[in-house]
Amino acid sequence: MAEENEQERTESATPHKREEARKEGRVAKSQDLATALSLSGVLAALSAIAPHLGASLRDLIAVSIRELPHHELSAGALQVLLVQGVLATALGLAAIVGTAMLVGVATGFLQVGWMFNFDLLALKPERINPMTGLGRLFSLEGLGNFLVGCAKMLAVTAIAFLWFRAQGHSFPEYSNLRAEEILPAAGAQLSSLAWRAAMVLLVIGAVDYLFNWWKLEKSLRMSRQEIKEEHKSQEGDPHIKQRVRAIQRANATRRMMQDVPKATVVITNPTHVAVALYYDPMLGGAPVVLAKGKELVAQRIKAIAREHDIPVIEEPPLARALLKLADVGREIPADFYRAVAQILAFIMRKKTKPVAQAPMSVLALPAGGKA
């Protein structure tokens, strides 16, 4: 079953899954690469500083030897010499240590980017459980890490052995060197050996990083079904969203129907469309759309209008246009002022007797549009 699931995971991980894995600390990184780069940085800093550091120490020793006969040899004098030696070497050592720290931080940033997760610092029982640690130690992964460590040791040992075999003939020549020449010569030899070891560790670290990256990518692979499920969880289930929209439409329709009894007139198509308008001549302004709809909604609007003795006027072109362009809860567009004003005036004339005394306020609606 596990093999079948592995075969189904053929798709690359989505950005969301990568971000979740990153929050859990699952990123491609190599401690071997960081160590090798730090060692290379230290060697580079040491190569640059060593001449100046050696000169400072040589001068300090020369001055101390020259001045020593003139001073009493005591604990205080030795302490002064020790402090001077520490101060002479402190700057160089600080530069070397700072370089190691800077290279280490830069290597970590280049591998995983900026990432600081307080959850990874939380104390969890499984992290301090000795049985869990023993399980990891004797697991297949632990065995692999042990073999890789042995291979690194063998590689560095082989480099050192080959170097000693190639340079061993020159060691007896150190007896012919003056005292001040021995240290620089030995430093150059050791630097050569260290650089060879660093290059081997860099190759091992690069291979280790690529392997960890491949292993991470393999573990993050997703099946098409997992991608669909993730999309649903982020965007929402289409069926649920459809149900929510249906409920929202039902609530909006119910609110519209509650406003229909306040309407002044209902304009219809006559059977397929209905638009309920409200107008108060005392407030001024343009008529407001209280409700609109097609088919069953239109039938319901007309039924409520008849129950409350609200005039229902058949004007198919106007009804279709209002359905398309007017919004519920807003005033009608200016293009419909004249046509709606004529309907309202007609309704007012029917309600008022005699017709000659009909109020003309409805005709005062803004008229700047077409019928």
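A: We may begin with a definition: a residue is exposed when its relative accessible area is over 50%, and buried when that area is under 20%. The model discussed here is predicted.

Q: Which residues of H11 are buried?

A: In general, an α-helix has 3.6 residues a turn, so residues three or four places apart point the same way. In H11, the buried residues are Ala-298, Ile-301, Lys-302, Ile-304 and Ala-305. Viewed down the axis of H11, these buried residues fall within an arc of 160°, so they line one face of the helix. Leu-296, Arg-306 and Glu-307, on the other side of H11, are exposed.

Q: What span should the 13 residues of helix H11 have?

A: At 1.5 Å a residue, helix H11 (residues 295-307) should span 18 Å, and this agrees with the 19 Å between its end C-alpha atoms. Just after H11, Asp-309 has a positive phi of about 55°.

Q: How many salt bridges does a search of the whole structure find?

A: A salt bridge requires a side-chain nitrogen of Lys or Arg within 4 Å of a carboxyl oxygen of Asp or Glu. The search of the whole structure finds 3. One of them joins Glu-217 to Arg-18, with the closest N and O atoms 2.8 Å apart. Glu-217 belongs to helix H8 (residues 179-220) and Arg-18 to helix H2 (residues 15-23), so the pair ties together parts 199 residues apart in sequence.

Q: Is Asp-32 buried or exposed?

A: Asp-32 counts as buried, at 18% relative accessibility. The side chain of Asp-32 meets that of Lys-152 in a salt bridge (2.5 Å, N to O).

Terms used:
Residues are numbered from 1 along each chain as its sequence is written. This is a predicted model: local features need pLDDT of at least 70, side-chain atom pairs count only at pLDDT 80 or more; totals for chains, interfaces and linings use all residues. Side-chain values use heavy atoms; hydrogens and water are left out. Helices (H or I, at least four residues) and strands (E, at least two) are DSSP runs, numbered from the N terminus. The expected span of a helix is 1.5 Å times one less than its number of residues. Buried means under 20% relative accessible area, exposed over 50%, partly exposed in between (1.4 Å probe, protein chains only). The arc is that of the directions from the helix axis to the C-beta atoms.
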